[in-house]
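Below is a short briefing on one protein chain, grouped by topic. Please keep the sequence and the model in view while reading.

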Amino acid sequence: MKRTIAALVSVLAVGLLVLPLTASAAGTAGKWNGWITDELCGAKGAKAAHKDCAITCVKDKGSKFVLYNTADKKLYKLDKQDLAKKNLGHEVTVSGKIEGDSIAVDSIAAKAKT
């Protein structure tokens, strides 16, 4: 009986250690508002007039498209570069799951007017 209880406690302890790791690996779902820009220009590219420069930086300099989040003033990497490119020059809402400084994108749409 003592062995059964000890085994059960061990399994439960391992489960409690693994659960937070699994939850954090999944990312946090949400929506973020801002501008699609390139990682080289960053925040200074958070405007409609920056569209051509961002395309050049990505094409010629190997930069990637990122989201400049206007709420926290940070840049977030985007996994769907083709979708990001389609939304250059517009203020957008990105939906997906965030983990660290990266967003696994579900959708990118023009920001709703308020």
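Strands here are DSSP runs of E with at least two residues, helices are runs of H or I with at least four residues, and both are numbered from the N terminus. Two strands pair if DSSP finds at least two bridges between them.

Residues are numbered from 1 along each chain as its sequence is written, and side-chain values use heavy atoms, with hydrogens and water left out. Because the model is predicted, local features need pLDDT of at least 70 and side-chain atom pairs count only at pLDDT 80 or more, while totals for chains, interfaces and linings use all residues.

**Gly30**

- Gly30 is found in strand 1.
- The C-alpha atoms of Gly30 and Gly96 are separated by 5.8 Å, although the two residues are 66 residues apart along the chain.
- Leaving out residues up to four places away in sequence, Gly30 touches Val94, Ser95 and Gly96; contact means heavy atoms within 4.5 Å.
- Gly30 has a relative accessibility of 22% and so counts as partly exposed. The classes are buried for under 20% relative accessible area, exposed for over 50%, and partly exposed in between, with a 1.4 Å probe and protein chains only.

**Strand pairing**

- Strand 1 (residues 28-38) is joined to strand 4 (residues 91-99) by 8 bridges, and the two run antiparallel.
- Within strand 4, Val92 is the bridge partner of Gly34.
- Strand 1 is also joined to strand 2, by 5 bridges, and this pair runs antiparallel.
- Ile36 stands opposite Leu67 in strand 2.
- Strand 4 and strand 5 are joined by 8 bridges and run antiparallel.
- Ile98 stands opposite Ile103 in strand 5.
- Strand 3 and strand 5 (residues 102-110) run parallel and are joined by 2 bridges.
- Ile103 in strand 5 is the bridge partner of Leu78.

**The barrel**

- The 5 strands close into a barrel in the order 1-2-3-5-4, with mixed pairing.
- Neighbouring strands of this sheet are turned against each other by 55 degrees on average, direction ignored. The axes are lines fitted to C-alpha atoms, for helices over the stretch in contact, and angles run from 0 to 180 degrees between N-to-C directions.
- Strands of a sheet pair through backbone hydrogen bonds, either parallel or antiparallel.

**Turns and backbone angles**

- Lys73 has a positive phi of about 60 degrees although it is not a glycine.
- Most residues other than glycine have a negative phi.
- Lys73 lies in the loop between strand 2 (65-69) and strand 3 (74-78).
- With a relative accessibility of 56%, Lys73 counts as exposed.
- Gly100 takes a positive phi near 65 degrees in the hairpin of strand 4 and strand 5, which has 2 residues between the strands.

**Ser63**

- Ser63 is found in the loop between helix 2 (51-61) and strand 2.
- Ser63 is buried, with a relative accessible area of 4%.
- The side chain of Ser63 reaches the backbone nitrogen of Leu40 at 3.3 Å. A polar contact is a pair of N or O atoms within 3.5 Å; within protein, one must be able to donate a hydrogen and the other to accept it, and residues adjacent in sequence count only if both atoms are side-chain atoms.
- Not counting residues up to four places away in sequence, Ser63 touches Asp38, Glu39, Leu40, Cys57 and Val58.

**Cysteines**

- The structure holds 0 disulfides, a disulfide being a pair of cysteine sulfur atoms within 2.5 Å.
- For Cys41, the closest cysteine sulfur is in Cys53, at 4.0 Å, which is too far for a bond.
- Cys41 is buried, with a relative accessible area of 16%, whereas Cys53 counts as partly exposed at 34% relative accessibility.

**The chain as a whole**

- The chain has 3 helices and 5 strands, running α-β-α-β-β-α-β-β from the N terminus on.
- Of its 114 residues, 30% count as buried.
- Among contacts with a separation of 6 or more, 58% are between residues 24 or more positions apart.
- The accessible surface of the chain is about 7500 Å², and 61% of this belongs to carbon and sulfur atoms. Accessible areas come from the Shrake-Rupley method with a 1.4 Å probe; for residues, only the protein chains shown count as cover.
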